[in-house]
Amino acid sequence: NERKSGFLTPTIGSTQTRGFELATPYYFNLAPNYDATVTPRIMTKRGLQIAAQGRYLFPQTTGEVIGEIVPDDRQTGEMRWAFAAKHNEQFLPWLAGYYNYNRVSDSTYLADFADRVSVTSQKTLPMEGGFIVNYGPWSGLVRTQIFQTLQDPNPAAAVTPPYNMLPQVKAALTDTDWLGLTWAGTAEFVNFSQPALTPTGNRSTLYPSVRWNRQGSAWFVSAHGALAGWQYDLNQPNPGMSSAHEGVAVPIASLDAGLVFERDWDVFGKSFVQTLEPRAMYTYIPFRSQNALPVFDTVQDDFNFTQLFSENRFIGGDRVGDTNQLALAVTSRILDPATGAERFRVAVGQRFYFEDQQVNLPGSTPQTSGSSDFLVGAEGRIADAWSLIGLMQYDFGSSQTNRFNLGTRYNPAPGKVISLTYRYSRELVDQVGGQSELKQTYLAAEWPIFDNWTFVGAWNYSIPDRKTLEAVVGLEYNGGCWALRVVGQQLITTTETTTRSIFVQLELNGLARVGTSPLELLRRTVPGYLRTNDPVLQQRDRSFDPLPEF
């Protein structure tokens, strides 16, 4: 019943880029609060890789170090490696420190040696360290942050490196009640540095705010006022700037209010509680000239139901968008009267603009029409076995659908699930006067086929590219006290590279799993997936899990 040093379960598999591979991890039980694992990995197409992991846990300190090295990659003829380290330490009750370091030898290391799309799709690796202060309602952060940018082999898919922060100093006052009002604010200084980009320099930001809140059981009113101000000290003026030392101050005001109506509703012989929740928010931000200012860390926020009721349409410290607008929305929920759990929700919303907007980012066009796109969203269970999630963003001015997402899931019993999702997004490209479209379908299933055999699979397909982004297909056999899984995967790791892998795993219930595990892959790609030998498979009726977004 105690940890011991020794060999762990080996993993065996085969991939297109690495060939047949065998990994035999050895675990070192060094102490109750720190250990290590060394894993030699033989790959017929790549050679030998040696990976090591060390973990430690002390009363005020925790951390992990991971390193991988391929002394001589048979495909490239070079030494390749990856290194990651995380450390967190609590020096005093109010003072903590940390660092997070990640680096690889080259831009395609993760694409060549990783199997998870969440890893192979990374384009930047952070390397940062700093100190965090928390004292009552006050907090502070001092850190430095730089990035390693992983470029795609295709020059047409080049990645613009982000700015490094050397350093960032930030202080914040969390919501504090005083004189019947709620006060908050932030102050920040950042030195932005990036040899591949211009301009570089410092930005100082100040954002004090005050809010007046009142609410009852069926209503709320919130008035908010703030002042966003920032000043640049650049190495050279940005095109359009009169000097390298410019700043701007922008006042912000908004009034947000909503109501909640409820009624008992009987439908199809069942009782529910239905709500009707209208909400309105007026925002006024006057125009202040900003278009010539640099853009260090700012992007335009995605338009959705959350952003519908936000004041600033930008995320970051380089822009505050001018606006004179009214946002309106109505939400209706279907609730279980016994538990209050939400069964289904539908919402509609839109913004109305009283003035044209003038502040924008380079390459984008500000809002000039009298209203935003119209949003319609729905999510929940339409029957015991059927779930639905959908979002439509429609532009009445051009009579075009800018976004349409629709997903459904059929889940009649644990271990039986089929889901289908379609995503469409239309994006204007102002520089060339054209447009690009994203159309993807996602089909996933887990379904018993005969005797003790179960099919599992997923297919993510890009319609405009006529390309399979990821495909997973496999079989799982439940032998009672053991289970066998055979799963194949095809995955695009870069614009020019596709890898194919085979996972074979034998699980002895309660003892060990032998082979290359596909469990993480199946949980990620097949929503609602359960192992055929999962003890809960026969014991519970699972509640609805939200359908995944691309």
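## A tour of rings and strands

Begin by selecting F192 and F296: both are buried. You are looking at a predicted model.

Now zoom in on these two side chains. Across the whole model there are 21 aromatic pairs. The ring centres of F192 and F296 are 4.4 Å apart and their planes meet at 20°, so this pair counts as stacked, the cut-off being under 30 degrees. Colour the chain around them to see what the pair brings together: F192 belongs to strand β13 (residues 181–193), while F296 is in the loop between β18 (270–285) and β19 (299–300), with 104 residues separating the two.

Together with F192 and F296, they form a cluster linked by ring pairs.

Show R46 and F113: the charged end of R46 sits over the F113 ring, 5.6 Å from its centre. Then show R279 and F309, where R279 lies over the face of the ring at 4.0 Å from the ring centre.

Now switch to a cartoon view and select β18. Which strands pair with β18?

- Strand β16 (residues 247–259) runs antiparallel to β18 and is joined to it by six bridges. Look for A253 opposite Y284.
- Strand β17 (residues 261–267) is also antiparallel to β18, with seven bridges. Here W265 has F272 as its bridge partner.
- Strand β21 (residues 323–335) is antiparallel too, joined to β18 by eleven bridges. Find Q274 opposite I334.

For a last stop, select F268. This residue is in the turn of the β17–β18 hairpin, which has two residues between its strands, and its phi is positive, about 55°.

Key
Residues numbered from 1 in each chain as written. Predicted model: local features only at pLDDT ≥ 70, side-chain atom pairs only at ≥ 80, totals over all residues. Heavy atoms only, no water. Phe/Tyr/Trp six-rings, centres within 6.5 Å; stacked < 30°, edge-to-face > 60°. Helix = DSSP H or I, 4+ residues; strand = E, 2+ residues; numbered from the N terminus. Buried < 20%, exposed > 50% of the residue type's maximum accessible area, 1.4 Å probe, protein only. Lys NZ or Arg CZ within 6 Å of the ring centre and 35° of its normal. Pairing = 2+ DSSP bridges.
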